[in-house]
Amino acid sequence: MQQMAMRLGAPILHCSGPTPITSCGTHNRSGSDDVASKKMADGGLPVIARFEVRHRNYLAPDGSINRPLPAFASDASLLASLYRAMVLLRNFDRKAVALQRTGRLGTYAVSLGQEAVSVGIASAMREEDVLLPSYRDNGALIWRGVKLEEILLFWGGDERGNHFSGPVQDFPFCVPVGSQAPHAAGVAYAFKLRKQPRVAVCMFGDGATSKGDVYEAMNFAGVHKLPVVFVATNNQWAISVPLRLQTASETLAQKAIAAGFIGEQVDGSDVVAVRAAAEDAIAAARDGQGPRFIEALTYRLGDHTTSDDASRYRPEEEVQARWKEEPIARLRAFLARQKIWSKADEEQLAAECHERVEAAVERYLAAGPREAETMFDHLYADLPEVYVAQRRQLAGEGDG
Ligand SMILES: Cc1ncc(C[n+]2csc(CCOP(=O)(O)OP(=O)(O)O)c2C)c(N)n1
Ligand SMILES: [Mg+2]
């Protein structure tokens with residue numbers, strides 16, 4: 001962490017204790033002389049632990065650069081592919097909402113304003129790593145090869161969507177808040193036992209960080225030094241609950257410190273920062289250094305889902321102000337400054353996205369509804385007798 005902090009020259013976001021910072025994300029349990037000799041805290045008691053949380057940002061909202069860029073940022077084609085993935089996701093979201101509004105899709109959660117998080121994180125993963133996403137991480141699934149029509153099938157209530165084209169070991173969307181975190185610790189524990197150089201990447205929201213599942217998973221991962229990266233997308237809202245009512249903690253990243261590992265906060269509207277933080281964290285986890293936690297600071301510009309109307313609980317001015325920071329315009333401004341993205345590229349991309357999304361919708365609609373009795377499938381290895389009878393009945397095979 002110290003090394004990373006020096007390389008980044010990032011500001012200290014949070015620290016405790018009145019004395020200068022001497023350690024980073026670690027504490028001295030020994031009560032040794034050097035600790036005792038440090039300046040005494042209140043009441044003459046020695047300070048025995050002191051922590052820092054770093055904040056990472058490279059691109060300003062106008063696309064200018066705040067600090068030296070990480071190595072991958074010199075790869076113009078990688079930057080363009082990150083941009084393309086974010087634009088595709090925004091187009092896909094828009095269409096998915098239109099499908100829901102016209103009765104052709106179930107509840108859907110858009111990524112509006114947070115596209116840089118799921119795309120940036122997934123872009124730093126290897127194929128053999130395992131993604132454990134929340135319901136809002138479409139961008140990560142698409143990056144890893146899940147087809148758009150498969151995502152539509154899932155949100156259309158069709159389990160065939162979970163039989164996806166992405167890496168077969170990846171987990172499906174997790175709708176229960178935070179329950180993917182203990183699964184991630186379990187996956188990482190398996191990697192460790194098998195001595196496989198693979199990493200579990202677990203994504204959830206700010207609201208999920210208040211769940212016992214998340215704390216318990218982080219604690220277990222810290223104790224066993226598991227190869228897992230926890231990513232909290234802090235979009236400031238958990239449906240209608242604002243962050244200030246979610247936690248009294250100054251950052252979400254500092255929650256990792258209690259579990260014994262590094263937590264870093266990144267500007268989640270800066271895809272370069274998200275990818276760089278993910279690269280560092282995933283490499284450390286793969287290297288046997290244990291878990292990491294990334295808090296991606298962003299803003300949910302849209303409603304929670306298509307079942308929500310956010311104008312009932314947050315002022316329009318707040319949302320408008322946050323549009324100035326959004327990730328797609330920011331990256332486009334940066335790419336334009338670097339002369340690696342033109343108006344013609346933009347027009348071509350818009351046409352490509354339109355075509356790709358429309359073709360996926362056609363395939364989704366052509367898949368047609370499943371037989372009603374399939375609702376019993378994929379729940380149990382052996383269907384309990386009571387459901388066997390109900391399944392038969394629905395299938396028109398008599399009372400069973
Ligand atoms: C265990 C559980 N409790 C409650 C819910 C209802 N619920 C769905 S989303 C949500 C808020 C989650 O907020 P956050 O973790 O910040 O994620 P975001 O929706 O902002 O991406 C809640 C309470 C749920 N799905 N699962
Ligand atoms: Mg949230």
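Mentor: A crossing of two helices is left-handed if the near helix is turned anticlockwise from the far one by less than a right angle, and right-handed if clockwise. Helices (H or I, at least four residues) are DSSP runs numbered from the N terminus. This is a predicted model, where local features need pLDDT of at least 70, side-chain atom pairs count only at pLDDT 80 or more, and totals for chains, interfaces and linings use all residues. Residues are numbered from 1 along each chain as its sequence is written, while chains are lettered from A and ligands numbered from 1 in the order in which they are written.

Trainee: Which hand does the crossing of H6 and H14 have?

Mentor: H6 passes H14 in a right-handed crossing.

Trainee: What makes H6 oblique to H14?

Mentor: The axes, lines fitted to C-alpha atoms over the stretch in contact, with angles from 0 to 180 degrees between N-to-C directions, cross at roughly 45 degrees and come within 8 Å. Angles under 35 degrees count as roughly parallel, over 145 as roughly antiparallel, 65 to 115 as roughly perpendicular and the rest as oblique, so H6 is oblique to H14.

Trainee: Why is Ser118 called buried?

Mentor: A residue is buried if 20 or more other C-beta atoms, placed from the backbone, lie within 10 Å of its own, exposed if 12 or fewer, and partly exposed in between. Ser118 has 30 within 10 Å, so Ser118 is buried.

Trainee: Where is Ser118 found?

Mentor: Ser118 is found in helix H4, residues 115-123. Its C-alpha atom is separated by 5.0 Å from that of Gly139, 21 residues apart along the chain.

Note on methods:
Helices (H or I, at least four residues) and strands (E, at least two) are DSSP runs, numbered from the N terminus.
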